[in-house]
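Let's walk through this model together, from single residues up to the way the chains are arranged. Keep the structure open beside the text as you read.

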Amino acid sequence: MSAAASPRPCGVISLLTDFGSTDAYAGIMRGVLLRFAPGAHLVDLTHEVPAHDVRTAALHLADAIPFFPAGTVHLVVVDPGVGTARRGIAVVGAEAFGVGPDNGVLTPLLERGGRAIELADERFALRPVSATFHGRDLFAPAAAALARGVEPEALGPPVADPVLLTAPQPVLDGDAVLGEIMRVDRFGNLVTNVPARMVAGWDGFLVQAGEALVPGPAANYREGGESLRALVGSAGWIEIALREGNASRALGLGPGAAVVVRRRTRGGE
Amino acid sequence: MSAAASPRPCGVISLLTDFGSTDAYAGIMRGVLLRFAPGAHLVDLTHEVPAHDVRTAALHLADAIPFFPAGTVHLVVVDPGVGTARRGIAVVGAEAFGVGPDNGVLTPLLERGGRAIELADERFALRPVSATFHGRDLFAPAAAALARGVEPEALGPPVADPVLLTAPQPVLDGDAVLGEIMRVDRFGNLVTNVPARMVAGWDGFLVQAGEALVPGPAANYREGGESLRALVGSAGWIEIALREGNASRALGLGPGAAVVVRRRTRGGE
Amino acid sequence: MSAAASPRPCGVISLLTDFGSTDAYAGIMRGVLLRFAPGAHLVDLTHEVPAHDVRTAALHLADAIPFFPAGTVHLVVVDPGVGTARRGIAVVGAEAFGVGPDNGVLTPLLERGGRAIELADERFALRPVSATFHGRDLFAPAAAALARGVEPEALGPPVADPVLLTAPQPVLDGDAVLGEIMRVDRFGNLVTNVPARMVAGWDGFLVQAGEALVPGPAANYREGGESLRALVGSAGWIEIALREGNASRALGLGPGAAVVVRRRTRGGE
């Protein structure tokens, strides 16, 4: 049986979890990775995903994938269902691998045409597998195996129906796009789910968010002086920022809040 | 004089400190490690041990040791007595090394039969050694030396009486085990000092903690729905969890609180 | 044209940013570094510099430089002016490289005789360069290029007038030094801008800080029992500490507060 094409592993493993940094959970997972893939390069994406927040983890993964070396293994453990019947999976994408629970957290790799494989072969797990820490016992050994070049098909059978997250989609309505806030970053910037390409032909826009009407696009975080302004963030989403301030606190808004991006016409607002 | 057997170093150095991540202290220690052991793989266990909390650091170390590659050097710096007469030591265990202050923080390696060596040879230290940052000046150079294969005996003379922490031991009393909460993790899970093996023959149990009587063992964090439940955590300790909630906050309990694990009998509670 | 001498890269890249650890920004930058410098050793100094605090980042960098291997590339991204006309630069020092915005954050390398080069060559940047994330698009590719041995002069033309921070200097006034608090560390220690060498000939001193008169130097953090004491910290600055307590909270003081270090005379205070 000839396996489908897989990227060639480059020895880089990224870690993305909701473990926080207070406990040693992420550290222990790193130990397992280096035990089974000596010489691998371990890279933290973040361990501060809010506890059990599968959607935020998937957003971080989507933002990160294009910037990592081809052949990276992305190990993603946000896993409220650990120890239940939910499967563990590996995803083999065109350029990268993913390993984690089958709860939607690997959606960005699956959406880009990745195929899913169930982590079923006990040779690539710590024995016994605990009921509470699959990151250590199941996902890290599988990620290490992929990083050192084990054929993905050796890990288990294909999964035909992996869980996919359905993200709230922005809706174009004439000269407006109805969207929402996806996340707030460390700087208080409000990142929306409206991609810049949806407003690419417009001369400018106003973002209605809570009580505010925020003009954009600004060229950078400094343009617009001390006022709120909208701009295109580094991952291509429209976001609202406040120069050396905190837009989220200023507006009292966070994830899930509705926004409307309206086309601005010359001469009028 | 022929040296006692030592594990063969694998080039992995784990870091466990109370330095936090706001300052550059841990980063500076990493620089020293790579200066003296180029090519070493540095792995963070955690730097968020509560300041000066030797006991919590030892708990993290005990949980981590079994999962790291043989030949790992565990560099542990929780060191309220830095600059005083307390010794710096290396510990040579069967499978791993430890380096840190002689204040009990390396107890898990010593209890597993490790031998202690005083860090006395100035060749393996930065000169001058400051009074306030032995992690940088003394422990990191010694850890780097071990990682690159220096014989442990070259670091200094044996220490016959290294400091050992005495942990509060759970007490079996008929059909009950008297124990206590050891730590609270990021998810609010209350980890006790009662190992699952003490209740291995029981059909089930109830954990009395504060005002609550918590049934167990649950198979995973989801079983038991929205109620508190007890289960066996990933390091083998009985713990109390609240599904997608925070058991510590719900019960108002933290480290040091007494718990009683009572055998559950068929037909009764 | 023969290039000026440059240190030989050692493959270590340190990261120092104000990105925090909640978002994936630092992680994405790590991906870019490993894409362009496979096998590089990435080391975090800290990502918890207060947002936009160029001065604190420069302090951390100054403390770290002497302890890293020769040939390290220090990638420093604290960049409130991202996307504006401010330049991106590399600095080539005697023993290390720096990469970051030309806003003063690389002052410690420039003060030690480093020469600055503008990051102008598009071959060493991601295309297109976003207006909001030069750490990913401009600085990480340049740092990776230096780490893998690209001649610094290939990155762009020399910069004659890089921005330099002017730090508040301590002033010697007879038997006193007028200084200030530079930063507060995780342990609550108040680090001043007064170097120990300014008081090297004194038998002892008193630090006047807020309402307190704090004696020094203590030999270590434990000397002086439960009282406030002054001592020489690990980077050579006089600092005020409280044993297993928090000097900053006890005194209600933070960065910018004035201190006076007064010579103590035998028989007097």
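Helices (H or I, at least four residues) and strands (E, at least two) are here taken as DSSP runs, numbered from the N terminus. With those names in hand, look at the loop of chain A between strand E2 (41–46) and helix H2 (54–64), where you will find His52(A). Although His52(A) is not a glycine, its phi is positive, about 75°.

A word on the ground rules: this is a predicted model, in which local features need pLDDT of at least 70 and side-chain atom pairs count only at pLDDT 80 or more, while totals for chains, interfaces and linings use all residues. Residues are numbered from 1 along each chain as its sequence is written, chains are lettered from A and ligands numbered from 1 in the order in which they are written, and side-chain values use heavy atoms, leaving out hydrogens and water.

Another loop to visit lies in chain B between strand E6 (115–118) and helix H4 (134–147), and Pro128(B) sits in it. The peptide bond from Arg127(B) to Pro128(B) is cis, with omega about -10°. In chain C, Pro128(C) is placed in the loop between strand E6 (115–118) and H4. Arg127(C) and Pro128(C) are likewise joined by a cis peptide bond, with an omega of about -5°.

Now stay in chain C for a helix pair. Two packed helices are described by the angle between their axes and the distance between the axes. Axes here are lines fitted to C-alpha atoms, for helices over the stretch in contact, and angles run from 0 to 180 degrees between N-to-C directions. For helix H1 (residues 25–36) and helix H4 (residues 134–147) of chain C, the axes come within 9 Å and cross at roughly 40°. That makes H1(C) oblique to H4(C), given that angles under 35 degrees count as roughly parallel, over 145 as roughly antiparallel, 65 to 115 as roughly perpendicular and the rest as oblique.

Which residues meet where H1(C) and H4(C) touch? H1(C) brings Ile28(C), Met29(C), Val32(C), Leu33(C) and Phe36(C), and these meet Gly135(C), Arg136(C), Ala140(C), Pro141(C), Ala143(C) and Ala144(C) of H4(C), contact meaning heavy atoms within 4.5 Å. Sorted by class, this contact has 9 nonpolar, 1 polar and 1 charged residues; Ala, Val, Leu, Ile, Met, Phe, Trp, Tyr, Cys and Pro count as nonpolar, Asp, Glu, Lys and Arg as charged, and the others, Gly among them, as polar.

Let's step back to whole chains.

How do the chains meet? In the pairing of chain A with chain C, 29 residues of chain A touch 35 residues of chain C. Together they bury about 2600 Å², 59% of it on carbon and sulfur atoms, where buried area is the accessible area (1.4 Å probe) that two parts lose on being put together, summed over both. On the chain A side, Phe67(A), Arg186(A) and Phe187(A) lose the most area to chain C, together 27% of what that side buries. Only 3% of the interface residues of chain A are also interface residues in chain C, so the copies meet through different surfaces.
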